[in-house]
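Welcome, and please open the model in your viewer. We will start with the whole chain and then select a few places in turn.

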Amino acid sequence: MIKLNSLALSLYVGAALISLWSVPSTFAQSAKCHEAELRASQGNLNTADKEVRLREFVSACPGNGIALNNLALTLEHQGKLDEAERYYRRALTTSNVGSAPYAGIGDVRMAKGDMRGAIDAYTKFLRELEKEKQRGDPVQIAKHERTYLNRLRMALNDVGENIQSVNLRFKPVKAKSITRSLLTKPTKSRGLSVQWHRRPNID
């Protein structure tokens, strides 16, 4: 019994030491991500410089969906459609971008002339956006709903279908839900830190 307890104690101490050794590397990675994010967001950059900085951000923080989405958007604007679509799809595997990458995939598919692919992506975007609006539009992209609804209509027209064929069930976003944060008093907090939240771009 003593051997088992001392073995369990040594395993516990070993695990604690390993976790303590990994803390500095976690902090270093977090600092590296933060530095790359700041570099990517500094100043008015031309498209090529923006791409370089966003690539640095993505390499420092490969799981950051906003960086992936914004790099994809920059690549899309440069006409690098295949690479843009790959980054949009990677962004979908993260948790902090909402439905924005679907809009980008739809734009890429439409630019390539793949109307069925565009219809599929725009439909997913609008359906996911409806869910996000129910949660208060956390990524604040509901303002683009009408634009993408019109793009969906254009793609459907190209294949000879109408909007009823995709069976979208949603209500248009109301101004009150978009400006909710302006109408409600902020909740009091005991914390001293302030967090900056980046939002993904879709145009």
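What percentage of the residues in the protein is buried? Of the 203 residues, 35% are buried, meaning under 20% relative accessible area with a 1.4 Å probe and protein chains only as cover. The model is predicted, so local features need pLDDT of at least 70 and side-chain atom pairs count only at pLDDT 80 or more, while totals for chains, interfaces and linings use all residues. Numbering starts from 1 along each chain as its sequence is written, and side-chain values use heavy atoms, leaving out hydrogens and water.

Colour by secondary structure next: the protein has nine helices and zero strands, where helices are DSSP runs (H or I) of at least four residues and strands (E) of at least two, numbered from the N terminus.

Now select Asn64, in the loop between α2 (47–60) and α3 (65–77). Asn64 counts as buried because its relative accessibility is 18%. Leaving aside residues up to four places away in sequence, Asn64 touches Phe57, Thr94 and Asn96; a contact means heavy atoms within 4.5 Å.

Move on to α5 (residues 100–112) and α6 (residues 115–134), which pack at an angle of about 165 degrees with their axes 8 Å apart. Axes are lines fitted to C-alpha atoms over the stretch in contact, and angles run from 0 to 180 degrees between N-to-C directions. The two helices are therefore roughly antiparallel, the term for angles over 145 degrees. To see where they meet, show side chains including Tyr102, Ile105 and Met110 in α5 and Ala118, Tyr122 and Phe125 in α6.

Conventions
Buried means under 20% relative accessible area, exposed over 50%, partly exposed in between (1.4 Å probe, protein chains only). Angles under 35 degrees count as roughly parallel, over 145 as roughly antiparallel, 65 to 115 as roughly perpendicular and the rest as oblique.
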